[in-house]
Amino acid sequence: AVIDDEPEILEMYKDLFSDEFQVLSFGSPIDFLDGITNKTIPQLCLVISDYNMPKMTGLQMIEKGHATGAQFPTLLLSGYVSKDVAVSALNLGVNKVLEKPAPPDAIYKSAKELIKNFRLHNIE
């Protein structure tokens, strides 16, 4: 699942991952959380989210998502990664934080690594 309030970023994620993965895109954290709460989203192998979005940050969304019992690895992107954001992300269990603008190949490589680790963890 990819969550970003910028449609062109969501399109970039679809282009980057759709050959290999089913990509669910959400233009707001609230839409993503509605899908988790209503159980309309299947088991997720990765959530990629922007940090700064209207009405709710990516970290707030991740925290609320985990509070529903959903477990998923997360890759958080932010235009400015402050120490407070990085510490909060680690405390919430965010697996990786990248500073925007991150090159698509760095996002892809990070995503593949997180998905691989998630799948290996599930096998164990």
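Me: In β3, which residue is the bridge partner of V2?

Reply: This is a predicted model, where local features need pLDDT of at least 70, side-chain atom pairs count only at pLDDT 80 or more, and totals for chains, interfaces and linings use all residues. Residues are numbered from 1 along each chain as its sequence is written, and side-chain values use heavy atoms, leaving out hydrogens and water. Strand β1 (residues 2-3) runs parallel to β3 over two bridges; strands are DSSP E runs of at least two residues, helices H or I runs of at least four, both numbered from the N terminus, and two strands pair if DSSP finds at least two bridges between them. In β3, V2 is bridged to I48.

Me: Which strands stand at the edges of the sheet?

Reply: The sheet is open, pairs in parallel, and reads β2-β1-β3-β4-β5 across its five strands. Each edge strand has a single partner, so one side of it has no neighbour in the sheet. The edges are β2 (25-26) and β5 (96-99).

Me: Is β4 buried or exposed?

Reply: Strand β3 (residues 47-50) pairs with β4 in the parallel sense over four bridges, with V47 partnered to T74. T74, L76 and S78 cover one side of β4, L75 and L77 the other. Buried means under 20% relative accessible area, exposed over 50%, partly exposed in between, with a 1.4 Å probe and protein chains only. Five of the five residues in β4 (residues 74-78) pass that test, so the strand is largely enclosed by the rest of the structure: buried.

Me: Which residues touch the most other members of the largest nonpolar core?

Reply: A nonpolar core is a set of buried Ala, Val, Leu, Ile, Met, Phe, Trp, Tyr and Cys residues joined through side-chain atoms within 4.5 Å. Beyond four places in sequence, I3 has contacts (heavy atoms within 4.5 Å) that include F32, V47 and M61. Of the 21 core members, those touching the most others are I3, F32, V47 and M61.

Me: What is the volume of the largest pocket?

Reply: A pocket is an open set of points on a 1 Å grid over the protein atoms alone, where a 1.4 Å probe fits and protein lies on both sides within 12 Å along at least five of seven lines; lining residues have an atom within 4 Å of a point. Of its 14 lining residues, A1, F21, Q22, C45 and L46 are the closest to the centre. The lining has twelve nonpolar, two polar and no charged residues. The volume is about 250 Å³.

Notes: Grid points are joined across faces, edges and corners, and a volume is the space filled by probe spheres set on the points. Ala, Val, Leu, Ile, Met, Phe, Trp, Tyr, Cys and Pro count as nonpolar, Asp, Glu, Lys and Arg as charged, and the others, Gly among them, as polar.
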